[in-house]
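Look over the sequence and the model first, and then work through the questions below, trying each one before you read its answer.

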Amino acid sequence: MGHIEAVRHYIKSYRNDYTELLQEMVKQPSTAGNEQGIQNLIAIRLEKLGLHVDKWELDYDKLSKHEAFCASRNDFEGSENVVGTLKGSGNGRSIILNGHVDVVPEGDLEQWEDDPFSGTVKDNHLFGRGATDMKGGNLASLVAIEAVKASGIQLKGDVLYQSVVEEESGGSGTLAAIERGYRADAALIPEPTNMRMFPKQQGSIWFRVFIHGKSAHGGTRYKGVSAIAKSNVVHEQILSLEKKRNERITDPLYKNNPIPIPINIGRIEGGNWPSSVPDQVVIEGRMGIAPGEEIERAKKEFEDHLANLNEIDDWFAKAPVRVEWFGARWLPGEIDEGHDFMRTIRKAYENYKGESPQIEASPWGTDGGLLTQLADIPVVVFGPGETNMAHYPNEYIDLNHIFDTAAIIAETLINWCGVEQ
């Protein structure tokens with residue numbers, strides 16, 4: 001039996017065991033600050049596999065001084081990264097398999113049919129918060145490594161399994177791994193792409209806009225200026241910028257995406273009394289950053305566009321808006337479609353599926369931008385799970401996708417890292 005047949009046979013034989021492992025992973029409610037349980041589970045598994053395991057708590061003081069740092073909290077107590085290294089024999093290309101264990105909050109429980117952390121299996125779908133984003137992908141990477149090792153295959157290059165925290169808030173876990181010195185010749189991130197391949201990932205950044213009005217009694221509201229009404233003008237101006245920015249996108253990898261780099265308003269707050277004209281509104285949102293685009297240049301374009309509000313409404317000459325950049329930020333990343341790593345993954349996909357993969361640019365940010373821009377590591381995002389299941393109530397993942405992805409990753413490891421004969 002050849003190497004490829006051996007890993008496929010192993011994956012098929014132990015499918016039920018790995019399904020139970022994923023259930024155990026999903027049962028860990030690993031929201032930000034609560035990742036210790038699942039990271040302990042992963043570390044023990046990697047140690048039993050014979051990998052060298054590095055487990056450490058993120059250093060907030062050190063990371064917060066880095067220009068790429070952003071986070072949603074003021075410390076990382078109880079939040080640990082885990083990196084397991086399968087050493088190669090030498091003279092082979094290395095690879096990082098990077099995945100995050102932090103999950104977003106479960107939201108309104110009434111919208112869930114089962115407990116959000118149940119790991120329930122129905123009709124070959126496993127349900128629970130994080131099943132798709134992205135514990136299913138993490139499992140696929142782990143299965144691939146275990147299949148290679150269990151099949152007695154000695155790789156030439158190293159495989160680094162990175163189980164990181166804080167991706168949902170901007171990537172501090174991956175930043176910490178980079179700062180700790182972890183590097184490789186390529187990296188694969190098994191985020192939920194529905195088994196599409198993303199050689200390009202957009203970035204994004206959060207903004208806050210302060211809109212000023214003039215307070216007055218509600219009974220004489222005509223003497224005031226409503227900041228809520230003016231926020232509608234600001235919103236329309238933001239949408240016009242979105243249209244302008246997206247008209248510049250000609251990359252064919254975005255052809256199936258109606259708005260490649262959206263600008264989303266996610267939160268609005270204003271006013272302080274029902275009988276008063278509101279004198280301030282604050283809107284918060286997220287601006288997409290195109291692959292290859294500099295974040296500082298995108299920020300300036302946003303600020304300049306809103307500086308022209310006075311051309312639409314005279315009020316903004318008296319009370320210009322103020323823009324503030326805060327919170328999460330994801331760096332964009334990209335590699336050429338002809339890169340050898342991309343060709344290697346594509347060939348593995350075609351060998352397994354008997355057809356060509358769908359290649360697109362991502363509709364959201366990942367930790368790939370950090371790996372590419374800060375560590376010069378070429379990254380491809382490819383994993384199981386449907387994109388429209390991430391962050392949704394009744395989140396689930398198709399188990400077939402996990403094991404198909406695991407087989408493709410295993411073949412990628414064999415061909416990329418090389419095998420000692």
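**Questions on charges, rings and backbone**

Q: In which strand does Glu-57 lie?
A: Strands are DSSP runs of E with at least two residues, while helices are runs of H or I with at least four, and both are numbered from the N terminus. The run of residues 52–57 takes in Glu-57, and this run is strand β1.

Q: What kind of model is this, and what pLDDT do local features need?
A: Residues are numbered from 1 along each chain as its sequence is written, and side-chain values use heavy atoms, with hydrogens and water left out. This is a predicted model, in which totals for chains, interfaces and linings use all residues, side-chain atom pairs count only at pLDDT 80 or more, and local features need a pLDDT of at least 70.

Q: Is Glu-57 buried, exposed or partly exposed?
A: Accessible areas come from the Shrake-Rupley method with a 1.4 Å probe, and for residues only the protein chains shown count as cover. A residue is buried under 20% relative accessible area, exposed over 50% and partly exposed in between. Glu-57 has a relative accessible area of 42%, and therefore it counts as partly exposed.

Q: Which residues form the negative surface patch?
A: Patches are made of residues with over 30% relative accessible area and no salt bridge, where like charges are joined within 9 Å and nonpolar side chains (Val, Leu, Ile, Met, Phe, Trp, Tyr) within 5 Å. Lys and Arg count as positive and Asp and Glu as negative, with His and the chain ends not counted, and the place of a charge is taken as NZ of Lys, CZ of Arg, CG of Asp or CD of Glu. The negative patch is formed by Glu-57, Asp-59, Asp-61, Asp-75 and Glu-77.

Q: How many salt bridges does the structure hold?
A: Side chains of opposite charge can pair when their charged atoms come close. A salt bridge is a side-chain nitrogen of Lys or Arg within 4 Å of a carboxyl oxygen of Asp or Glu. The number of salt bridges in the structure is 28.

Q: How many residues apart in sequence are the parts tied together by Arg-196 and Glu-360?
A: Arg-196 forms a salt bridge with Glu-360, with the closest N and O atoms 2.8 Å apart. Arg-196 lies in the loop between β7 (187–189) and β8 (197–201), whereas Glu-360 lies in strand β14 (residues 359–362), so the separation in sequence of the parts they tie together is 164 residues.

Q: Which helix holds Lys-230, the salt-bridge partner of Asp-313?
A: The closest N and O atoms of the salt bridge between Asp-313 and Lys-230 are 2.7 Å apart. Asp-313 lies in the loop between α8 (295–307) and α9 (315–318), and the pair ties together parts 83 residues apart in sequence, since Lys-230 lies in residues 227–247, helix α7.

Q: Which helices are tied together by the pair of Arg-245 and Glu-301?
A: The side chains of these two residues meet in a salt bridge of 2.8 Å, N to O. The pair ties together parts that are 56 residues apart in sequence, because Arg-245 and Glu-301 lie, in that order, in helices α7 and α8.

Q: How many aromatic pairs are found, and what is the geometry of Tyr-60 and Phe-69?
A: Rings of Phe, Tyr and Trp (its six-membered ring) pair if their centres lie within 6.5 Å, and planes under 30 degrees apart count as stacked, over 60 as edge-to-face and the rest as tilted. The whole structure has 15 aromatic pairs. The rings of Tyr-60 and Phe-69 have centres 5.5 Å apart and planes at 90 degrees, so the pair is edge-to-face.

Q: Is Phe-69 buried or exposed?
A: Tyr-60 counts as partly exposed at 22% relative accessibility. Phe-69 has a relative accessibility of 14%, and therefore counts as buried.

Q: What is the phi of Asn-124?
A: Most residues other than glycine have a negative phi, and most peptide bonds are trans. Asn-124 lies in the loop between β4 (121–122) and β5 (125–127). Although Asn-124 is not a glycine, its phi is positive, at about 65 degrees.

Q: Is the peptide bond from Asp-133 to Met-134 cis or trans?
A: Met-134 is found in helix α5 (residues 131–150). The peptide bond from Asp-133 to Met-134 has omega near -10 degrees, and it is cis.

Technical notes: Buried < 20%, exposed > 50% of the residue type's maximum accessible area, 1.4 Å probe, protein only.
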